[in-house]
Each structure stands twice: as C-alpha cells, then as structure tokens.
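Work through the exercises below with the sequence and the 3D view open. Try each task before reading its solution.

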Amino acid sequence: MLVSVAAPEGEPMSRQSLSVNRRRFLQSTALGAAAAAGVLQAPSVLRAQGAAVKVGILHPVSGALSYSGQQGRIGATLAIEEINASGGIKALRGAKLEAVLGDAQSTPEGGNAEVEKMNGAGVAAIVGGYASGICLAASQTAARYDLPYIVDVGVVDSIVSRGLKNTFRFGPGFGVIAKTAIDNLVTINDQANKTAKTVMIVHEDSAFGAGLAKLLNTQLPERGFQVLETIPHPTPTRDFNNVVLKIKAQNPDLVIPANYYNEYVLLARTMQQQKVRPKGIYSVLGGAASSYKFVKEFPEAAQFIMDCNHWFDPKNAKALELKKKIEAKGEFYTYEVYMNYSCVLLLADALERAASADRDKIIAALESSTFTGHVMPYGPTKFVNGQNQGAAPVNTQVVGNDIQVIFPAAFASAKPVFPMPPA
Amino acid sequence: MLSPVILVPAVLNGLMTGAIYALIALGLTLIYGVLHIINFAHGALLTAAMFAAFFTFHWFGIDPYIAAIGLTPIFFCLGYVLQRFIIGPAAHGEDRNILLVTLGLAVVIENALLYGFRADTRTINLPYAFNVVEIGSAFLAVPRVIAFGVVIVVALALWLIMRWTDTGKAIRAVAQEKLGAELSGIDVAHIYAVTFGLGTACLAIAACLLIPTYYVNPSAGNAFVLIAFTIVVLGGMGSVTGALLGGLFVGVVESLSGLYLGESLGQIGIFVMFILVLLFRPNGLFGEHA
C-alpha cells in the first residue's frame with residue numbers, strides 16, 4: 001500500500017520541481033541578460049579595475065569577402081589583446097577592452113544588422129567594415145546612435161563626405177589613392193621612356209571598383225593614357241575567360257585591375273593561362289596584388305605586378321614586430337591586419353584622452369587626435385571631416401618571392417621593374 | 001569589332017560551360033518527363049552534391065573526378081529514397097502536392113547546409129585547374145574539356161539506357177501512359193524513384209565537374225537551376241536530346257552576351273531568349289508536342 005501511494009505522489013512532485021526549474025532558469029537568464037546589457041553596474045562591484053569597454057569589431061568573416069574579413073579580425077583582436085596585456089585603458093583605471101565580434105556576411109544589410117546588435121550590446125565604438133558598401137551602410141546606422149565608427153579600409157570617398165560626425169577613416173580614400181597611383185604611374189612610365197600608352201581597366205561592379213574606375217577614366221586621359229576599355233564584373237566571379245579574351249583582343253600596354261582578392265587572383269591566373277602578357281599589370285587597390293598569400297601560392301601569376309595600395313611602414317620597428325607575430329601564427333601579413341591593428345590603437349588612444357567610454361567624448365577625442373603609435377607610412381594624424389589627412393598609399397611590386405615598396409622614395413626598398421621582362 | 005581570335009575561344013568556352021548546364025538540365029528534364037513535375041529541389045540537391053564533392057576533396061584529398069565514381073551511386077540512392085519514401089508518399093497522387101513537397105525539400109536542404117557550413121564561399125585548388133589545351137588560337141582550361149567529354153559520355157549512356165534496357169523501356173512506358181504501364185505489370189512507384197534517382201545522379205556528376213572551377217556555398221546550385229529550367233523549356237519539356245542541345249546553345253549565348261554586354265549583364269541574354277521562346281515557341285525549340 002505504502003509503496004503504491006508513494007509512486008503517484010512522486011510523479012507530480014518531480015513535475016513541479018521541473019516547472020520551478022524552468023522558471024528559475026528563465027529568471028536567471030533574464031538576470032544574466034540584464035547584467036550583460038547594464039555595463040555600468042559593474043564598477044559599483046569592482047572598484048579596483050575600470051569596467052571593460054566594449055568595442056564592436058565588425059568584418060565580413062563569411063561570404064565572398066570572408067578571407068579579408070578574417071584577416072581584419074585578426075589584426076583588430078590582436079591589438080585588443082596587446083592593449084589588455086599592457087594594462088588596458090589607463091585613464092579608465094586600467095579598463096580592459098572587450099571585443100564584440102560581428103559578421104557582416106559580406107553584405108551591407110549584414111553590416112547594418114550587426115551594428116544594431118552591437119549598439120544593443122552597449123559598445124563604446126565600432127571598428128571595421130572592410131568593404132566600402134558595408135562601411136557606408138554600417139557607419140550610417142551607427143550615426144543614428146551617435147556611435148563612433150572607425151572605418152578600417154573602405155575607400156569610397158562618400159564614406160567621409162556625408163557629414164556624419166561619428167565616422168572616421170584612418171586610411172586613405174579613393175581620391176588620394178587614385179591621385180598617388182596616377183602620379184606614380186606617370187613617373188614609372190616616364191622612367192621607361194613612356195613605353196605604355198594604352199590602358200584597360202578591369203573592376204568589380206560595387207561601390208569600390210566602380211567608383212575607382214570612374215576616377216581613373218577621368219584622370220588617366222588627362223595624363224596622356226588612352227583607356228581602351230573598362231570592364232566591370234560582379235563579386236564573386238568565377239570565370240574570367242571572357243574578360244581575358246577581351247584584353248587579348250585589345251592588347252593594351254597596361255592592365256589596371258581593381259577588385260577583391262579572389263577575383264584578382266583568378267584574373268591574374270587566367271591571364272597567365274591564356275598567355276596574355278601586357279607590358280605591365282598596374283593595379284590600384286588590387287585585392288591580391290600586394291598580398292603575401294597570393295605571392296606565395298601563385299608566384300608566377302603574381303610576378304612583377306605593381307600595386308598602389310595600403311602597406312605597412314617597412315621602417316617602423318613596431319610594424320616589423322607585428323609582421324613576425326602574425327607570421328608566427330601561420331597567417332599572412334596582409335593590409336587588413338595592420339590597418340585594423342592601427343585603427344584599434346587609434347581608438348584606444350582616443351579612449352585614453354577622453355578618459356571616458358561616453359560616445360560623444362570619444363568622438364571629440366578622435367576629432368582632435370594626433371595619434372602616432374600606428375604602423376602605417378602616414379604623415380601626422382589629423383582628422384578633417386572624419387578623414388585622416390596624413391593617410392597615404394604606397395606603390396609595391398612583386399619581385400621574386402617578395403613584395404617590395406617602390407614608391408615613395410622615403411619608404412622604398414627596390415626600384416620598379418617596368419616594362420615586365422618577357423616570360 | 002570582335003575578331004575570330006576571341007570569338008572562337010568564347011564560343012568554345014560557351015560550349016564547355018553549356019555542357020555542364022546540359023547535364024543539370026538532363027536531370028531536370030528526365031524527372032519532368034516521367035513524373036510530370038518540376039523538381040524544385042533540383043538546385044538544393046546540386047548544392048548538396050557540390051558540398052559532397054568539396055568535402056571529399058577537402059577531408060580525404062580525393063580528386064573530384066574520382067569522387068564522381070563514388071558520389072554518383074550515392075546520389076542515385078539518395079534520389080531513389082527521396083522519391084520512394086518522402087516525395088511519393090507525401091504527394092498522395094496529386095501533382096501539385098509533389099511540387100510543394102519538392103519546394104519544401106529545397107528549403108530544408110538549403111537551410112541545413114547553411115546551418116552546417118555557414119554562408120562561406122568555398123573553392124578548391126587543383127594543381128591542373130589552370131592547365132590548358134591548345135586548340136588553334138584558343139586555350140581551353142583542362143577541367144572544362146574534361147567536363148565536356150564526360151557530359152557527352154553521360155548523355156550517350158543515358159540515351160542508351162532509355163533506349164535499350166528494360167528499365168529504360170519501363171521509364172518511357174510510364175512517361176507515355178502511366179495507367180497502361182501499370183496494367184502491364186510495371187511497378188510505377190519503383191520507376192518513379194529510379195527516374196528521380198537518375199536525375200539526382202546527374203547532379204552528382206555535374207557537381208564533381210563543376211567544383212574544380214566553380215565555388216560552393218549554400219545557394220550555389222540555384223544559379224544553375226534557373227538556367228537549367230530555361231534549357232528544359234528551350235529543349236522541349238522531357239526531351240533528352242533537347243536538353244543536351246539546349247544546354248550547349250545556352251552556354252554559347254551566355255558566353256557571347258558576356259563578351260558583348262559585360263560580365264555583370266552576361267546572363268541577361270539567357271533570360272531574354274527564355275522569354276522569346278515562351279512567346280513564340282512555347283513547346284520549345286526541339287519539343288514535338290504540347
């Protein structure tokens with residue numbers, strides 16, 4: 001009797017305890033979420049160290065741009081690790097930086113969604129974006145929340161010409177890059193007795209490639225080059241046969257590609273495959289032209305390609321130390337890495353001077369920044385309408401198994417090889 | 001403005017690409033011809049096959065062309081099982097139900113792939129992917145030439161199966177007159193499943209031919225299925241020869257419109273043609289009856 005009574009009683013009891021558990025679980029998660037959201041609660045508990053400052057690290061780590069995005073994330077997170085290891089933000093009682101990682105999925109919409117999430121998570125600022133399209137969308141969304149946004153790469157000039165107070169770009173924009181690229185191209189061509197006269201431009205058709213092609217189309221004819229044809233293509237493109245056939249038919253002296261990594265590599269390899277060999281391949285922001293990955297994996301296709309692109313300062317000890325560190329991890333030291341690294345350091349410097357994680361104060365500190373602790377070959381840091389006036393690209397060339405800086409003279413490690421010697 | 005020096009390679013490239021389109025369309029048209037439904041899961045199954053080819057290379061280092069030997073029967077079985085135990089029973093004999101079931105399958109497969117492998121675009125690097133065969137002034141990439149050859153062989157094999165084997169005869173019988181075939185003792189459910197299996201096996205081969213020069217992500221197959229659908233309509237619904245010729249034709253149209261209109265607009269040619277065919281020859285260029 002006793003046993004048979006105990007059994008039915010046992011069941012409702014266990015059911016009850018289950019339901020209590022579920023409620024408790026819900027309560028505790030709600031509390032957890034509240035605690036996570038309310039960053040400001042923490043200092044009242046932990047007086048000794050400033051509350052961690054959340055920093056949004058936004059990159060396209062999946063989708064068509066995933067390689068570049070992942071490289072960018074490596075640079076940004078490494079900078080955060082280093083800052084934290086050396087005592088955090090001192091003006092905030094050694095507050096650590098806490099990365100809130102976001103994946104823009106290689107689309108502007110993906111970037112927007114991540115900005116919303118990061119804002120919800122209470123970040124003090126966002127670094128990243130990579131592609132111009134993503135940077136444009138994400139910085140605009142961030143502007144709604146007065147959320148400081150540091151563009152890591154995105155080169156379209158409209159990123160900083162929309163009057164958004166929250167948006168800062170440490171690197172150079174199109175205007176400067178195209179001008180430098182064309183100036184240097186003219187110099188290189190003059191040194192080779194003006195051997196190149198005709199040009200074909202191959203560009204990807206989003207904001208970055210199309211904008212650049214437009215700039216080149218107006219500026220190159222003024223400098224004595226004839227643009228035979230401008231060929232747009234989408235990202236991703238997995239077949240460059242038609243493009244290369246067109247190049248073959250027109251036989252230009254110079255081919256100027258402006259696209260992202262995968263397409264750049266494929267274009268160069270297809271040119272090699274179809275035995276198309278112009279006097280020079282001169283890229284402006286070529287996605288792979290100054291990438292150690294490309295040079296290592298396809299040295300023949302990469303040989304003698306020139307590029308006007310972002311590059312680290314080869315005479316900066318910190319830049320070389322970073323290179324060693326990245327290579328020790330088995331990664332390639334690509335521009336996404338050191339640009340993101342520098343942008344996070346720029347933000348940390350602003351946090352030090354603002355002595356606050358308040359968004360307006362960070363924006364004010366960025367506006368007045370004269371930051372020097374970066375690894376780029378830039379002039380003095382000075383932001384005008386969000387654009388760093390000191391930012392500048394350099395010219396590189398693939399020679400042998402290495403990438404050499406060929407311009408400007410102050411940073412150059414080799415002389416340009418132009419025209420390309422025959423295969 | 002365009003000289004034969006680039007026109008000839010462009011046409012040849014188009015034929016090579018078209019061959020793969022044709023193979024995908026073959027699977028689609030076979031299923032349509034017998035089951036009288038558009039298989040909406042075709043694209044998702046192609047994507048799944050591409051992932052399978054990608055990972056057999058990525059994990060085991062097996063060359064996609066060798067992997068095809070193993071993947072084809074696996075995908076045949078997969079197709080057979082899908083039709084016999086999921087699509088068939090769920091349809092309850094109604095064609096529009098089949099349509100919805102395949103659509104549902106597509107959604108499930110695509111999202112399972114998205115969940116499993118994320119939206120990343122993956123490619124493989126084969127040492128010979130950039131080797132070329134020289135034909136006159138044209139340099140043709142080795143993987144494309146291989147693909148072209150394989151597709152011709154597969155199409156021929158398929159034709160022979162349909163023409164001379166008992167199964168082939170049964171498939172044709174079911175396609176022509178389902179009730180009559182059933183009355184003469186043909187197991188219709190089995191033939192349906194075999195046909196679906198054959199269609200899916202075509203996808204496995206196509207995936208292995210594609211992966212050396214193409215990329216894979218959870219929606220990679222869709223681009224091909226739109227084109228394959230165009231080919232099926234163009235070639236006449238259910239026609240094997242039509243699918244093959246239609247595929248080659250579409251490949252050339254795409255290549256030439258890519259050359260003239262630019263890469264970004266390359267596929268416009270295909271769909272303009274699609275609309276024109278629907279307007280003026282709704283039975284398709286090679287279609288015999290409505």
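Helices (H or I, at least four residues) and strands (E, at least two) are DSSP runs, numbered from the N terminus. The model is predicted, so local features need pLDDT of at least 70 and side-chain atom pairs count only at pLDDT 80 or more, while totals for chains, interfaces and linings use all residues. Residues are numbered from 1 along each chain as its sequence is written, chains are lettered from A and ligands numbered from 1 in the order in which they are written, and side-chain values use heavy atoms, with hydrogens and water left out.

**Exercise 1. Backbone angles in chain A**

Find where Arg93(A) lies and state its phi.

Step 1. Arg93(A) lies in the loop between helix 3 (66-85) and strand 2 (97-103) of chain A.
Step 2. Its phi is near 50 degrees, a positive value in a residue other than glycine.
Step 3. Most residues other than glycine have a negative phi, and most peptide bonds are trans.
Step 4. Leu285(A) also has a positive phi, near 55 degrees, and is placed in the loop between strand 9 (280-284) and helix 10 (292-297) of chain A.

Is Leu285(A) buried or exposed?

Step 1. Buried means under 20% relative accessible area, exposed over 50%, and partly exposed in between (1.4 Å probe, protein chains only).
Step 2. Leu285(A) has 7% relative accessibility, so this residue counts as buried.
Step 3. Arg93(A), at a relative accessible area of 47%, is partly exposed.

Which residues does a cis peptide bond join, with omega about -10 degrees?

Step 1. They are Phe407(A) and Pro408(A).
Step 2. Pro408(A) sits in the segment after strand 14 (402-407) of chain A.
Step 3. Phe418(A) and Pro419(A) are also joined by a cis peptide bond, with omega about -5 degrees, and Pro419(A) is found in the segment after strand 14 of chain A.

**Exercise 2. The surroundings of Ser139(A)**

List what Ser139(A) touches, not counting residues up to four places away in sequence.

Step 1. Ser139(A) belongs to helix 5 (residues 132-144) of chain A.
Step 2. Its relative accessible area is 0%, so Ser139(A) is buried.
Step 3. Contact means heavy atoms within 4.5 Å. By that rule, Ser139(A) touches Tyr149(A), Arg162(A), Leu164(A), Asn166(A) and Thr167(A).
Step 4. Tyr149(A) is 10 residues from Ser139(A) along the chain, and their C-alpha atoms are separated by 5.9 Å.

**Exercise 3. Chain A as a whole**

How many helices and strands does chain A have?

Step 1. The chain has 14 helices and 14 strands.
Step 2. Of its 423 residues, 56% are buried.
Step 3. Among contacts in chain A with a separation of 6 or more, 70% are between residues 24 or more positions apart.

**Exercise 4. Where the chains meet**

Describe the contact between chain B and chain A.

Step 1. Chain B supplies 28 residues and chain A supplies 25 residues.
Step 2. Buried area is the accessible area (1.4 Å probe) that two parts lose on being put together, summed over both.
Step 3. For these two chains the value is about 2400 Å², with 53% of it on carbon and sulfur atoms.
Step 4. On the chain B side, Phe130(B), Phe139(B) and Glu263(B) lose the most area to chain A, together 29% of what that side buries.
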